[in-house]
Amino acid sequence: MTIQVFGHKSPDTDSTGSPLIWAWYLSEIKGTPATAKLLGEPNTEASFMLERWNLEKPAIIADVEAGAPCVVVDTNNSAELPASINDADVQAIIDHHALIGGLTTKGPIDITIKPLACTATIMHDLMGDDVAKMPDAMKGAALTCILSDTLEFRSPTTTTHDREVAESLAASLGIDIPSYAADMFAAKSDVSSFSDAELLRMDSKEYAVDGTKFRVSVLETTSPATVLDRKASLMDTMTTVASEDGVDQVLLFVVDILNEQSTLLVPNDLVKNVAAKSFGASADSDTVVLEGVVSRKKQIIPNLKV
């Protein structure tokens, strides 16, 4: 039976590219039939990657069948995976996030979780000498994933190894990293075709703090004004999204990639208190700027307090 390889819901670039990379590796190098899947529509930057490297968009699945073999990448959190994931045959996990728990498996599995900025970097290491066999499309996907997750090496999650792997891939492809990253971020910044609800869910994770459930949404952009011009309607829509998704509050951080800061929308006293307790920030209006805060994984979620 073909192994399904997928990442988390609300797929970003890493959760779109890494399944493609690992499915290629399993099928073409290890001789094990595998196919990449998505758990939702990819974001605009991920779509740019697919088009730039002529990669077919993986099929979107809503759930997995009992006993279906699969490999989970770019997450280990069962809340970000199909509802029936514990009935499937999870054979491996490749990830770079903190261990959350909640997954059960049919037997012992391969688990690789490393403190690197990107799943694609870990996959590059796991392939060893077989990296030389990667076609340009897979190299391009890996490069895009790393540049996305590191914000072109601006994010505090970036390691020396992530940078070295990205620079090696770029050199082999003849890619100028600053120019290519600018094209990526321009694609990510074009959110004009998305509804407010889609924006709030586009790059988001559910996270609970002392019994309060949040949807923590991050929009990384080189044009924050484009998003902030919609702040009134976005804040109105937060109530609907929170109700539909079973959370208490949506937190939206608009990350300014170039200025390395984020703007938190402050629709009510709950979020005002979150800003004060989590980041020491005084919110005197419906937004507050958080200097130097660009990483949800390293700077936002670990600091959340209510």
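Reader: Which orientation do helix 3 and helix 4 have to each other?

Author: This is a predicted model: local features need pLDDT of at least 70, side-chain atom pairs count only at pLDDT 80 or more, and totals for chains, interfaces and linings use all residues. Residues are numbered from 1 along each chain as its sequence is written, and side-chain values use heavy atoms, without hydrogens and water. Angles under 35 degrees count as roughly parallel, over 145 as roughly antiparallel, 65 to 115 as roughly perpendicular and the rest as oblique. Helix 3 and helix 4 are therefore oblique.

Reader: At what angle do the axes of helix 3 and helix 4 cross?

Author: Helices (H or I, at least four residues) and strands (E, at least two) are DSSP runs, numbered from the N terminus. Axes are lines fitted to C-alpha atoms, for helices over the stretch in contact, with angles from 0 to 180 degrees between N-to-C directions. The axes of helix 3 (residues 119-127) and helix 4 (residues 136-150) come within 8 Å, and the angle is roughly 135°.

Reader: Which residues of helix 4 make the contact with helix 3?

Author: Contact means heavy atoms within 4.5 Å. Helix 3 brings T119, A120 and T121. By class, the contact has four nonpolar, two polar and one charged residues (Ala, Val, Leu, Ile, Met, Phe, Trp, Tyr, Cys and Pro are nonpolar, Asp, Glu, Lys and Arg charged, the others, Gly among them, polar). Helix 4 brings A142, C145, I146 and D149.

Reader: How does helix 3 lie to helix 5?

Author: The axes of helix 3 and helix 5 (residues 160-173) come within 10 Å and cross at roughly 75°. Helix 3 and helix 5 are therefore roughly perpendicular.

Reader: Which residues of helix 5 meet helix 3?

Author: T121, H124 and D125 stand on the helix 3 side. The contact divides into two nonpolar, three polar and two charged residues. On the helix 5 side are H161, D162, V165 and L169.

Reader: Which element gives the most residues to the lining of the largest pocket?

Author: The largest pocket has a volume of about 330 Å³. Closest to its centre, of 17 lining residues, are N77, I100, K205, Y207 and I301. Helix 11 (296-300) gives two or more residues to the lining. The most, four residues, come from strand 7.

Reader: How many charged residues are in the lining of the largest cavity?

Author: On a 1 Å grid over the protein atoms alone, a 1.4 Å probe fits in a cavity but cannot get out, a pocket is an open set with protein on both sides within 12 Å along at least five of seven lines, and lining residues have an atom within 4 Å of a point. Points join across faces, edges and corners, and probe spheres set on them fill the volume, about 390 Å³ in the largest cavity. Closest to its centre, of 27 lining residues, are D12, D149, D203, E220 and R296. Six lining residues are nonpolar, 10 are polar, and the charged ones number 11.

Reader: Which residue meets K57 in a salt bridge?

Author: The structure holds 14 salt bridges (a side-chain nitrogen of Lys or Arg within 4 Å of a carboxyl oxygen of Asp or Glu). In this one, N to O is 3.0 Å. K57 sits in the loop between helix 2 (44-52) and strand 3 (59-60), 16 residues from its partner. That partner is E41.
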